[in-house]
Amino acid sequence: MTSKLSRREFVKRASALSFAGAGAPFALNLATIGAAAAQTVSDYRAIVCLFFFGGNDHTNTIMPYDPVEHAEYVNSRPTIAFARDALTATATAPVASQGGRPFAFHPALTSFKSLYDLGKLAVVANAGPLIVPTSKTQYQNRSVPLPPKLFSHNDQQSVWQANTPIGEGARLGWGGRMGDLLAAQNGQPTFTCISASGNTVFLSGQEAIQYQVGSNGSTAFNALSGNLYGSATAGNAYRRVIMRTSPHLFENQLGQVVSRSISANAVLSSNLPPASQFTVPIPANNSLAAQLSVVARMIFARGGLSANRQVFFVSTGGFDNHDFLLNDHNLRMQTVNAAVDAFYQWLEQMQMENNVTLFTASDFGRTLTSNGDGSDHGWGAHHFVVGGAVQGGNIYGSFPQVTFSTAEDVGQGNLLPTTSVDQYAATLARWFGVADSRMPEVLPNIANFGASRYLGFLDLTALP
């Protein structure tokens, strides 16, 4: 006898198959959330997760600009630190929330600095996975539960993206769980959770299943939508076989998946505008910008896709900078700066900048110490939130002193997070429309953070 669980797992796995090759996989949502479980929304909102694969060196991404603190930063990593005069163009005014301390963005993040000055970008300081608020003493004594397998790439990528920090093998992501609760607000739930960067834990829900696109949108498998070997008769026969109703459970489900994939491809293909829709071109040789382009185009097509709530995932790699950090990290920052700058201009052209919030995430931060030419795996890190709804021009959380033997230093200047991923995620989810009473369905550990569960980088006061 086939169990309900095994059927669900089959559907999820089947719908993750690619009929267009590894470069353009697709996945489809096979179920709509019931009306009784739905939440009512009346406007359009989207969240975009920008993941830095490899573990971003947060210390060189945003750093202290005060002369005394900057000197401490340089003394802590002399071979990989920026001189203060290299930071003049990206330095902030004194930040009141951080005791009047000034900071500076990486020299390549000129557009990030501009968005910060416009109040459209916020910094979230020292964020990372926690199960409960944790002090340095508690960490050292292992007297509170800790996230599993700290400092491991695969595990920490999963911990960041999963709704509970269980490490590699997690099946539910907090983006997918947001999709579960709000997919019923979309006329076509298939287009709720969308990845432009392959399969990801972040978008996996109990019912919502990520729909994967390439930089040109969906890619049709010709045998499913046209002729086969040049023959319309052969194509029709193939479709009848693979889409037919069958008494065999798995064969029947496969037919439904294929049928829905054809329908989804037809809807997206007929509604997705070309990249030339936007006056700002896609930055050249920038795969992240290409991913964000298809996200922007799907937002433009939201009416034709019957979408009110969408969660997107994009990514860029190359951040595991154990060596050549100054050069390689600079290249990564240039890529990110150009891509996010173009994306924000596309949103402005659509007048959708207030309806879309982009946030960054990464495996982990990196050590303050240098290994000579780079940095090693860490824990807490600084992140960015971008959008017209963001209460920007500010740093949220507690930005630590960039030196050793602080209350956050658990070794080699490795930061013990003072803001949890759950708090970061809950703030985004609440703005997205998840009711406070249902937040534990998205983030089961959020109650551990009590009244401080929401950060201030988005205005949540007017939400029901």
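**Note on helix packing and the nonpolar cores**

1. The crossing of α10 and α11 is right-handed (a crossing is right-handed if the near helix is turned clockwise from the far one by less than a right angle, and left-handed if anticlockwise). The contact is made by Leu 288, Ala 289, Leu 292, Ser 293, Val 295, Ala 296, Ile 299 and Phe 300 of α10, and by Thr 335, Val 336, Ala 339, Val 340, Phe 343, Trp 346, Leu 347 and Met 350 of α11. Contact here means heavy atoms within 4.5 Å. By class, this contact has 14 nonpolar, two polar and no charged residues (Ala, Val, Leu, Ile, Met, Phe, Trp, Tyr, Cys and Pro count as nonpolar, Asp, Glu, Lys and Arg as charged, and the others, Gly among them, as polar).

2. The model is predicted: local features need pLDDT of at least 70, side-chain atom pairs count only at pLDDT 80 or more, and totals for chains, interfaces and linings use all residues. Residues are numbered from 1 along each chain as its sequence is written, and side-chain values use heavy atoms, with hydrogens and water left out.

3. The axes of α10 (residues 287-300) and α11 (residues 325-350) come within 9 Å and cross at roughly 15°. Axes are lines fitted to C-alpha atoms, for helices over the stretch in contact, and angles run from 0 to 180 degrees between N-to-C directions. The two helices, α10 and α11, are therefore roughly parallel to each other (angles under 35 degrees). Helices are DSSP runs (H or I) of at least four residues, and strands (E) of at least two, numbered from the N terminus.

4. In the largest nonpolar core, of 69 residues, Ile 299 and Phe 343 touch the most other members. A nonpolar core is a set of buried Ala, Val, Leu, Ile, Met, Phe, Trp, Tyr and Cys residues joined through side-chain atoms within 4.5 Å; buried means under 20% relative accessible area (1.4 Å probe, protein chains only). Helix α11 gives the most to this core, with ten residues. Beyond its neighbours within four places in sequence, Ile 299 is in contact with residues including Tyr 44, Phe 312, Phe 343 and Val 356.

5. Leu 203 is found in the loop between β5 (193-195) and β6 (211-212). Leu 203 is buried, with a relative accessible area of 0%.

Definitions and conventions. Angles under 35 degrees count as roughly parallel, over 145 as roughly antiparallel, 65 to 115 as roughly perpendicular and the rest as oblique. Buried means under 20% relative accessible area, exposed over 50%, partly exposed in between (1.4 Å probe, protein chains only).
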